[in-house]
Amino acid sequence: MENKEIVIQAQGLTKRFGDFIATNAITFEVYKGEIFGFLGANGAGKTTAMKILIGISKPSGGEAKVAGFDVYSETEDIKKNIGYMSQKFSLYEDLTIRENIRFFGGIYGLDRKTIKEKTDVLLKTLGFEAEADKLVSSLPLGWRQKLSFSIAILHNPKIVFLDEPTGGVDPVTRRQFWDLIYEASNRGVTIFVTTHYMDEAEYCNRVSIMVDGKIEALDTPKNLKKQFQAESMDDVFHQLARKAKRSE
Amino acid sequence: MKTLLFLLEKEFRQIFRNSSIIRIIFVMPIIQLIVLPIAADYEVKNVNIAVVDHDHSSYSRQLVQKIIGSGYFRLVENTDSYKKALKSVEQNDSDVIIEIPAHFERTLIKENEAKLLLAINAVNGTKGNMGGAYLNSIIKDFNQDVRTDWVTFPRMNPMPLLDIVPRFWYNTRMNYQLFMVPGILVILVTMVGSFLTALNIVKEKEVGTIEQINVTPIKKHHFILGKLIPFWVLGLVVTAIGLTVSRVVFGIVPVGSLLVIFGFTAIFLLAVLGLGLLMSNFSDTQQQAMFFAFFMIMVFVLMGGLYTSIDGMPEWAKIMTKFNPVAYFIDVMRLVVIKGSGIYEIRNHIFAILSFAIVFNGLAIWTYKKQV
C-alpha cells in the first residue's frame, strides 16, 4: 500500500429503485493491489453498488471512477480493465475446462498462442491437467469457483470483482481459494470482494461494512476491532448489522 | 472479427453437444414432412352416409349406387326409417342422411321433378360441408343422367349439355402434396429460426452466463452475430434436408432454381432470427420465450396461407398477411417449386422480406442491453 494509487473512487454514489434507495450516497476509495472487503447483510446494497462499478447498471446519482473510467459514460472501457466473478456460477457447463478458458480468453482479445500458454499455466497451478477436457458440469463446486476466479483474472485485469465467491464452498477449498486471491494481489491485481464469512473479512487489507445502503464503517480489520472494542470481525459485523432496519 | 470467431466456435460446440437440438433439427423435418402432408389433407373422404330409402325403385337404387361409387362416401346405414338414421347421426356414426321419399321414381317421371332430403351433421363442419357439396354435385349429375336417358332424339335435346372441363395449370393433377410440402418446409425453417434462437439466448439469461458476458468488453453486434450465424446455418441445413425428403418421398423436384430457393431462405432466415432475438430481449425465462414464440408462430402459420387461402380471407385479414413474413415465404416456395418463378417474378417478396430482416434485427440490436 506504499504508493496508494487509487483504482476505484466513489463519491456519493446512489442508486434508487422508485422510492427505495438501494445504495445511499456511498463514498470510498480502493487502492491498487489491496484486498478490499465489501461487507454487509443481505439486502444492504452491496450487489447494487457492485453492479454500478462493473458497468452493468447506471447510478442514479453521485460520481464513481473505476480504473480511471467513468461509470456513466465509459462502461465499456471499465469492462476491458476488470474481471468479474458472480455468486451465481458463470462458466458454461456444457463446455470443457479448456474450452471455457479459450472462450473467455478469446472474448477479452487474447490471441490463440497466449491463450494456449496461459491455459497450460492455469491448469498446472490449479492441478486440473487431468480434467482439462472434462465438462465443467462434472466438476465439484469448489473446483468450479477456483476455475471461475482463474478465468476472471486470465486477461490480467487491473481490478477483479468477486461477488460472494466462496458461498457454499467447504473450508479447505475456501482456504485454497484465498491463496489464489493473495497470489493475484501480490501481482498487483486489486481485489474487490463481498463475503458473508467473517473469517474471510480478517484476510482483507481493508473492510467496509454497509448497513441499509450506507457505509457505516471502513478501515483495516485491526482498527475496526479496536474502534468497536471487539474480539473479532464477527463481533464488529454484529454490532453494526443489528442496527439495520430493512430486511430483505 | 476475432472475437466473433471465438463466439461462433463456442456456439457450435454447444449446439453439437446438445443431442436434443440435433434431434430436433434432423428428425423433426423428416417426420413432419412425411406425416403431415399424407395425414393432414383437405380432401374429405370417408363421409359416413345413412340412406333412408322409402322408394326401393330402380332409380333410388341407381342414385345410392352412384353416391357410394363416387368413393367419398361410406354407407353405414341403409334403412327405411328416418328415425333410425337420425339415431346413427346422434351416435356420431353417420355424417349425412339422404332421404329418398316414397314414389320418388314415379314423381320424377311424371312431374319432371322430385324432392330429396339431405340432413347434414355439422359438428365436424368441414366434413359436413364437403359431404353436402359432394352429394349435391352427385345428385346434379344423376339428374343429368336421368334426363339424357329420356331424350330419344339427341338432336332435339331440350337441355343443351354444357360440359365444363377444368384445366389446372402448373399443378395439373391438383396434387395436394405438391401444394403442402413446400409450405410445411417453411414452417420448419421458421421454427428453427425463431424458437431455437430465442430459447438459446434466454437460457443464458436463466443460467446466469449472460451476466458474465455483459461484464466483458464484447461488442453488442458481435454477441448478436455470434448467436445469429449458427442458427442461420442450421436453418439452411434444415431446408436442404427438407428438400431432399420431399424429393425422395414425394418425388417433388422444384421446377424453379434451387439457388433461388436457398437465396430466399437465407434472407427469410435473417428476418426470423431477428424476430427470435427480439423475443429473447423481452423474456427472462425459457417458458416466457417459448410461449411468446409459440403464439407468434401460430398466428403466422394460420394467417400465412398454408391451410387456408389468403384470397378467401376478409379484407382486414388480407392486410394483416402483408405483415406476416411466413406468408411471403410460403408464397415464394410454391411459386418457385411448383411454377418455376425466378428472381424477377418474386422481387416484391424479396424486398418485403429484406425490410422485415432490417426492422427485426435493428429493433433487436437496439433493445439488447448490456445492462441490468
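Biologist: Leaving aside neighbours within four places in sequence, what is A:Phe161 in contact with?
Modeller: This is a predicted model. In it, A:Phe161 contacts A:Met50, A:Leu53, A:Ile54, A:Ile82, A:Tyr84 and A:Phe192, once neighbours within four places in sequence are set aside.

Biologist: Which residues touch the most other members of the largest nonpolar core?
Modeller: A:Phe161 is one of them, along with A:Leu53, A:Val160, A:Ile191, A:Phe192, B:Val192 and B:Ala271. That core has 135 residues.

Biologist: And which helix gives the most to it?
Modeller: Helix 7 of chain B, residues 176-207, with 16 residues. Another core, of 18 residues, lies apart from the largest one and includes B:Ile67 and B:Leu135.

Biologist: Now the sheet. What is the strand order in the open sheet of chain A?
Modeller: The order is 6-7-8-3-9-10, six strands with mixed pairing. Strand 6 (82-85) and strand 10 (214-219) are the edges, each pairing on one side only. On average, neighbouring strands are turned by 15 degrees against each other, direction ignored.

Biologist: Strands 9 and 10 of chain A: parallel or antiparallel?
Modeller: Antiparallel, with 5 bridges joining strand 9 (residues 206-211) to strand 10. A:Met210 has A:Ile215 in strand 10 as its bridge partner.

Biologist: Which strands does helix 1 of chain A lie across?
Modeller: Helix 1 (residues 46-53) lies across strands 3, 7, 8 and 9 of chain A, at about 150 degrees to strand 7.

Biologist: And helix 5 of chain A?
Modeller: Helix 5 (residues 141-152) lies across strands 6 and 7 of chain A, running at about 165 degrees to strand 6.

Technical notes
Residues are numbered from 1 along each chain as its sequence is written. Chains are lettered from A and ligands numbered from 1 in the order in which they are written. This is a predicted model: local features need pLDDT of at least 70, side-chain atom pairs count only at pLDDT 80 or more; totals for chains, interfaces and linings use all residues. A nonpolar core is a set of buried Ala, Val, Leu, Ile, Met, Phe, Trp, Tyr and Cys residues joined through C-beta atoms within 7 Å. A residue is buried if 20 or more other C-beta atoms lie within 10 Å of its own, exposed if 12 or fewer, and partly exposed in between; C-beta atoms are placed from the backbone. Helices (H or I, at least four residues) and strands (E, at least two) are DSSP runs, numbered from the N terminus. Two residues are in contact if their C-beta atoms, placed from the backbone, lie within 7 Å. Two strands pair if DSSP finds at least two bridges between them. Axes are lines fitted to C-alpha atoms, for helices over the stretch in contact, and angles run from 0 to 180 degrees between N-to-C directions.
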